[in-house]
Amino acid sequence: MSQFALSLLCLAITLALYYANKRLYRRFRRLPLMPLVLTPVLLVLMLVFGHISYQNYLGETHWLLWLLGPATVAFAVPVYDNLKIIRRHWMSLSAGVITATVVAVTSSVWLARLFMLPDEIQRSLAVRSVTTPFALAAAQPLGGQPDLVALFVVVTGVFGMAVGDMLFLRLSIQAGMAKGAGFGAASHGAGTARSWELGPQEGVIASLVMMLSGILMVLIAPLVAWVMF
């Protein structure tokens with residue numbers, strides 16, 4: 001099979017697995033069955049046991065990565081429809097975004113240094129808490145590796161989405177806005193998807209916080225590179 005045909009087959013399998021997984025999750029609402037959890041696991045198993053290289057898989061599926069940009073921008077529509085909520089809480093949301101971004105960057109880099117990880121991993125980890133399009137843009141002035149950045153972003157999002165509800169329960173956080181802000185700041189796209197399942201207010205706040213965190217990370221990336229590296 002040619003490389004082009006293999007890439008097209010991988011794209012078709014990816015789409016088929018995702019839509020089948022969505023139907024399964026609608027019927028059985030269980031965390032391990034969420035499309036953002038189960039589908040990547042199945043795809044990794046396919047690549048490993050099918051002896052398919054990452055380059056062959058990415059050949060035609062790169063269009064799915066490109067769609068992350070328009071999908072992220074599309075979150076602005078419900079945000080615009082709920083401007084009243086944003087105007088009412090703009091100060092707490094702004095403070096939360098700044099705090100979350102600073103904590104995410106510093107904790108990632110300091111922990112990576114504590115475990116003496118290579119410099120390129122430290123630079124790639126610095127942007128792990130913002131959604132992929134913003135993370136890839138912010139990684140350029142930091143010197144991060146795009147493949148590592150994408151991997152760390154996905155792992156961070158899925159992990160945050162998986163443990164978020166448990167943390168909110170343990171910390172007795174019940175306010176919808178607080179849950180949305182937490183998911184949007186810590187788990188970006190995956191957390192925002194989970195927030196929309198909780199309710200419209202949670203989804204709107206998560207979308208807003210995710211976008212603001214991404215924009216802020218892109219703006220301060222040169223400063224982070226100068227201060228921390």
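**View 1. Surroundings of Leu142 in the predicted model.** Leaving aside neighbours within four places in sequence, Leu142 is in contact with Arg123, Ala126, Val127, Ala221, Val224, Ala225 and Phe229, where contact means heavy atoms within 4.5 Å. The model is a predicted one, in which local features need pLDDT of at least 70, side-chain atom pairs count only at pLDDT 80 or more, and totals for chains, interfaces and linings use all residues. Residues are numbered from 1 along each chain as its sequence is written, and side-chain values use heavy atoms, with hydrogens and water left out.

**View 2. The largest nonpolar core.** This core holds 17 residues, and Val127, Leu142 and Met217 have the most contacts inside it. The elements giving two or more residues to the core are α7 (90-114), α9 (132-142), α10 (146-170) and α12 (200-228); helices are DSSP runs of H or I, at least four residues, numbered from the N terminus. A nonpolar core is a set of buried Ala, Val, Leu, Ile, Met, Phe, Trp, Tyr and Cys residues joined through side-chain atoms within 4.5 Å, and buried means under 20% relative accessible area (1.4 Å probe, protein chains only).

**View 3. The second core.** A separate core of 11 residues includes Ile85, Leu93, Ala185 and Met211.

**View 4. Lining of the largest cavity.** A cavity is a set of points, on a 1 Å grid over the protein atoms alone, where a 1.4 Å probe fits but cannot get out; lining residues have an atom within 4 Å of a point. Among the lining residues are Ala100, Thr101, Ser213 and Met217. The largest share of the lining, 4 residues, comes from α7.

Definitions and conventions. Buried < 20%, exposed > 50% of the residue type's maximum accessible area, 1.4 Å probe, protein only. 1 Å grid on protein atoms, 1.4 Å probe; cavity = no way out; pocket = protein on both sides within 12 Å on 5 of 7 lines; lining within 4 Å.
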